[in-house]
Amino acid sequence: MNSPLSLGLIGIGGYGQRHLSTLSALQAGGLCRLMAIADPFAPRHESVVAALRAGHTAIHEDIADLLLDERIEACFIATPIPLHVPHTLAALGAGKHVYLEKPPCVTLEEWAQLSAAQEASGKRLAVGFQMQTAPAIHFLKARIVAGDIGRLQTVSAGVRWRRDDKYYNRSGWAGCWTAHGRPVFDGPATNALAHVVHAALFLSGATESSWGDVQRVRGRLKKARPIESYDAAFLEAQTANDVLVRLAFAHATPEQDEVVLTCIGENGRAEIHWSGAVSITPSGEAARHYHFSCESHVAATLDFFHALHDPSNRPHTRLEDCLAYLQTVNGALQSSGGATAFEPSQIHQRETDTGRGAYYTVTGLDDELAAFAADPAAIPSLLAPGEWIEAGDLKPQLAIA
Ligand SMILES: NC(=O)c1ccc[n+]([C@@H]2O[C@H](COP(=O)([O-])OP(=O)(O)OC[C@H]3O[C@@H](n4cnc5c(N)ncnc54)[C@H](O)[C@@H]3O)[C@@H](O)[C@H]2O)c1
């Protein structure tokens, strides 16, 4: 039995609440001890802070004070996207292992900076793409690599997830390219549905544990909501093993689809649902159906603990596993040349009936995304991609100028 890990949590609101509840459960099970939290807005969570204090967790407003605590072995970082790099550099520099919420960073330059800092620190760094702990995705990947659907040709997903005023007003960085001088690149492919980009690239990888080796990328980013960044996107990456990863997403929609990734091979097709359902249909055979249960957030946290207890355990997503994700989203942005608004006559503002303010829709976009989800050859005309960008020509910084 390993001794409980001594932990710090940076960011306790928003998604940090999820970490707090998981770490509390694992602390009750004797697996860890939450020594301290840091959040300048901790006083906004008065009763949560009172409960933490009652459990002898130290409360800091400044991450620097938490990092001075030498008892803390590892930090969970669930802060806004533009703070991921400075917070991770500070934690690694203070000799802490890090579990960093997805996306790890925004640009390829930042990815290289974090990679160098991790290597210099000798510490573990897991990225919170928790869907990578789902048994369903590893089962499907193994079946694809074993050749059940023949040589893999495309991995695709078309997902409509409505996001309203309340979502965009929750934080100052929502819908931004940059915040406080740091890159953010907030939008469906780079925040809420980043898991889908990462999972699709994983399914495209040549071996059971590898992500696709991205050769070139194209894409289109558009907006219906009057935000700085984008709320609809098409992204396409071609890998070295000649798989096309094709993805289309929208927050400007009335719909809330279940995430389904479709894999088409020379000899059949397969689907994976976020719920854990997998179907595999080799050509000329009946579909085989499976359902895998998973508590992905808890599984991802335990997976990180395993990596800390035994360095030979590889975390579900290491920083190096995120290169394909960063190349794909940054390549789509570069290919798109930023994000332009849809035609004003196509944009409609609608009121939610839940008191969450307005959401946006775009004439024809929902139908195009539904058609694309059914057939990845049907690239949405409203999101027609720009030129291909070769991996070697990807810009290290955010390509918004
Ligand atoms: N894994 C998932 O499924 C999932 C789901 C949602 C969000 N996320 C990720 O979680 C991260 C946080 O997103 P969010 O929407 O919760 O953000 P948020 O803006 O709500 O901020 C999260 C917390 O960080 C705190 N914070 C702000 N500045 C800080 C600082 N300088 N030091 C310490 N804490 C600070 C805020 O007070 C807040 O409590 C993002 O990376 C997001 O992509 C992951």
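Reader: Is cysteine 105 buried or exposed?
Author: Happy to start there, with the reminder that this is a predicted model in which local features need pLDDT of at least 70 and side-chain atom pairs count only at pLDDT 80 or more, while totals for chains, interfaces and linings use all residues. Residues are numbered from 1 along each chain as its sequence is written, and side-chain values use heavy atoms, with hydrogens and water left out. Buried means under 20% relative accessible area, exposed over 50%, and partly exposed in between (1.4 Å probe, protein chains only). Since cysteine 105 has 2% relative accessibility, this residue counts as buried.

Reader: Which residues is cysteine 105 in contact with, leaving aside its neighbours within four places in sequence?
Author: Cysteine 105 sits in the loop between strand 5 and helix 5 (108-121); helices (H or I, at least four residues) and strands (E, at least two) are DSSP runs, numbered from the N terminus. Contact means heavy atoms within 4.5 Å. With neighbours within four places set aside, the partners of cysteine 105 are Val85, Glu110, Trp111, Leu114 and Leu326.

Reader: Where is histidine 198 found, and what is its relative accessible area?
Author: Look for histidine 198 in helix 8 (residues 194-204). Beyond its neighbours within four places in sequence, histidine 198 has contacts that include Phe129, Trp211 and Asp321. Histidine 198 is buried, because its relative accessible area is 0%.

Reader: How far does helix 9 reach from its first C-alpha to its last?
Author: Helix 9 (residues 296-309) has 14 residues. The expected span of a helix is 1.5 Å times one less than its number of residues. For helix 9 the expected value is 20 Å, and the reach in the model is close to that, at 20 Å.

Reader: Which strands are included in what covers the buried residues of helix 9?
Author: The buried residues in helix 9 include Ala300, Phe304, Phe305 and Leu308. Their cover includes helix 1 (16-28). The strands included are strand 1 (5-10), strand 2 (32-38), strand 4 (74-77), strand 5 (97-101) and strand 6 (125-128).

Reader: What is the radius of gyration of the protein chain?
Author: The radius of gyration is taken over C-alpha atoms, and the globule rule is 2.2 Å times the number of residues to the power 0.38. With 401 residues, a compact globule would come out near 21 Å, so the chain agrees with the rule at 21 Å.

Reader: How many helices and strands are there in the protein chain?
Author: Helices 8 and 9 have already come up, at residues 194-204 and 296-309. The whole protein chain has eleven helices and 20 strands.
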